[in-house]
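Please look over the model shown here, and then read the short report on its surface, one of its pockets and its aromatic pairs.

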Amino acid sequence: FHMDFNGTDFTKAGTLEAKIEDTIAAWEEEYGVQYLPMDQLLATCDYISVNVPLTEATRGMFDTAAFAQMKPGSIFINIARGPVADAHALRAALDSGHLAGAAIDVYDVEPCTDSPLIGQPNALLTPHTATYTSENFTTMNIIIMKKTTKMYCWYMIMMMCRKRANINMITMPNMLWYTVMKLKTKSMPSQ
């Protein structure tokens with residue numbers, strides 16, 4: 001377990017620093033893990049799974065130096081974003097035998113066609129397709145069906161309002177209120 005704040009000095013923030021320390025202590029106790037600085041984490045873990053967003057601070061986070069710090073024989077897993085890890089440096093660490101293997105499903109450019117890891121026997125490369133499961137396709141189809149049905153209902157309501165009120169069709173669903181109000185105004189007896 002590792003939480004890196006990219007060298008940010010929180011000592012001036014007082015309460016924020018205390019909150020971070022309390023959070024780390026709670027996680028350590030709840031999950032039975034130990035917070036380690038990045039260099040210690042790399043040197044002691046058998047598996048490193050990268051799960052960070054791509055930011056300027058994380059771009060190139062795993063370079064030649066980081067791979068050299070990793071425990072010999074360890075496994076590197078990147079499911080974050082391709083540019084977080086230098087693919088050429090990873091290939092060198094795999095070629096040298098320093099790392100036992102790697103599993104990658106994110107690349108600098110997707111779809112991947114020219115990674116230096118292609119053909120590497122101790123690298124498992126998969127397409128970035130975490131959402132491509134039958135369960136997810138079923139869920140996506142249900143969502144599309146519901147949204148389409150909802151839009152069709154809005155359309156039918158607005159067509160009925162247009163016919164009754166004899167006004168121009170308003171095509172945006174969030175304008176239905178205006179259509180209904182105009183209908184009520186036209187149907188109310190004058191005073």
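## A helix and a surface patch

Ile144 lies in helix H5, which spans residues 134-165; helices here are DSSP runs of H or I with at least four residues, strands are runs of E with at least two, and both are numbered from the N terminus. Together with Phe137 and Met140, Ile144 makes a nonpolar surface patch of about 270 Å².

This is a predicted model, in which local features need pLDDT of at least 70 and side-chain atom pairs count only at pLDDT 80 or more, while totals for chains, interfaces and linings use all residues. Residues are numbered from 1 along each chain as its sequence is written, and side-chain values use heavy atoms, with hydrogens and water left out.

## The second largest pocket

The second largest pocket holds about 240 Å³ of space. Of the 19 residues that line this pocket, Ala87, Tyr107, Asp108, Ser115 and Pro116 are the closest to its centre.

Strand E2 (75-78) and helix H4 (87-95) each supply at least two residues of the lining, and H4 gives the most, with three. Sorted by class, the lining has 11 nonpolar, five polar and three charged residues.

## Aromatic pairs

The structure holds three aromatic pairs, counted where ring centres of Phe, Tyr or Trp (its six-membered ring) lie within 6.5 Å, with planes under 30 degrees apart called stacked, over 60 edge-to-face and the rest tilted. One of them is the tilted pair of Phe62 and Phe76, at 5.0 Å centre to centre and 55° between the planes. Because Phe62 lies in the loop between strand E1 (47-50) and helix H3 (64-69), and Phe76 in strand E2, this pair ties together parts that are 14 residues apart in sequence.

Conventions
Patches are made of residues with over 30% relative accessible area and no salt bridge: like charges are joined within 9 Å, nonpolar side chains (Val, Leu, Ile, Met, Phe, Trp, Tyr) within 5 Å. Accessible areas come from the Shrake-Rupley method with a 1.4 Å probe; for residues, only the protein chains shown count as cover. A salt bridge is a side-chain nitrogen of Lys or Arg within 4 Å of a carboxyl oxygen of Asp or Glu. On a 1 Å grid over the protein atoms alone, a cavity is a set of points where a 1.4 Å probe fits but cannot get out, and a pocket is an open set with protein on both sides within 12 Å along at least five of seven lines; lining residues have an atom within 4 Å of a point. Grid points are joined across faces, edges and corners, and a volume is the space filled by probe spheres set on the points. Ala, Val, Leu, Ile, Met, Phe, Trp, Tyr, Cys and Pro count as nonpolar, Asp, Glu, Lys and Arg as charged, and the others, Gly among them, as polar.
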